[in-house]
Amino acid sequence: MRATLALMRVLVSGFEPFGGDVANASADAVLGLAAAWDDPAVELHTVILPVTFDGAPALLAETIAAVAPDVVLCVGEAGGRAAVTPERWAVNERQARIPDNAGQQPSGPIDDGPERLGSRVDVDAIVAAMRAAGVVAEPSEDAGRFVCNAIFRAALTSFDGPAGFIHVPALREHGEPLVGAETDPAVPEPVASALRPAWLASSQGQAQEPERGARRVEGRPPRPNLVAALKAAVEAVRM
């Protein structure tokens, strides 16, 4: 039946909150994507992973075995980024600035493989698709050294098909994130304030245009729609 319908099966993962925070932008974006998904040609599956160095790869592998996806896209949040950033590389290193949700704070190599592994999805095509959807996006060369990088590495080593990782800004409905420096420094409050209205819209899968006369934060892109970004990424990987 699946071959007859020519469905592509895509697995998209996000992360639970961590470090005492009450939210994680990646989980909100992934759940928003699932709620808004309406493409009958793509069978979308989602999973929210624990922020643990051991548990996240284990649950991802278990989900891959159960779902048998054609493509895996993992999503995490980055504290100092205002753009959505598909990652090019997963490095062979763990450096936990804070303990993970299991209380572990490892450092050192992840596996016996090479220093870095490249994404197996077309990062430039994903960035172009996001920009075409009106989302500010940039390719990234650094996925950090926390669980985001570890799960990117796990996706590349435990799955043979196309796999990639996308960082979204660590935005909150109210206030600033308590965490996020695992990848970058925390988003300054003026930037967070400028981006927050679109975060509310993006959590519902709605695009939001800049308000007339709204002040832009110099050097920072405005208002990413995270659900639109992930929809564009899925569409890009199925082409």
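Modeller: Let's start with a term: a nonpolar core is a set of buried Ala, Val, Leu, Ile, Met, Phe, Trp, Tyr and Cys residues joined through side-chain atoms within 4.5 Å. Buried means under 20% relative accessible area, exposed over 50%, and partly exposed in between, with a 1.4 Å probe and protein chains only. This is a predicted model, where local features need pLDDT of at least 70, side-chain atom pairs count only at pLDDT 80 or more, and totals for chains, interfaces and linings use all residues. Residues are numbered from 1 along each chain as its sequence is written, and side-chain values use heavy atoms, leaving out hydrogens and water.

Colleague: Okay, which residues touch the most other members of the largest nonpolar core?

Modeller: Those are V10, V12, L73, V84, M130 and V234, in a core of 32 residues. The largest share, nine residues, comes from α7. Helices (H or I, at least four residues) and strands (E, at least two) are DSSP runs, numbered from the N terminus.

Colleague: What does V234 touch, not counting residues up to four places away in sequence?

Modeller: V10, V12, L33, W37, V42 and L73. Contact here means heavy atoms within 4.5 Å. There's also a second, separate core of 30 residues, including I64 and F146.

Colleague: Why is N92 called buried?

Modeller: Its relative accessibility is 13%, and the cut-off for buried is under 20%, so N92 counts as buried. N92 is in the loop between β5 (89-91) and β6 (94-95).

Colleague: How do you know that the buried residues of α4 are on the same side?

Modeller: They are V123, I126, V127 and M130. The arc, taken from the directions from the helix axis to the C-beta atoms, is only 100°, which puts them on the same side of α4. An α-helix has 3.6 residues a turn, so residues three or four places apart point the same way.

Colleague: And what covers them?

Modeller: The cover includes β4 (85-86), β9 and α7.
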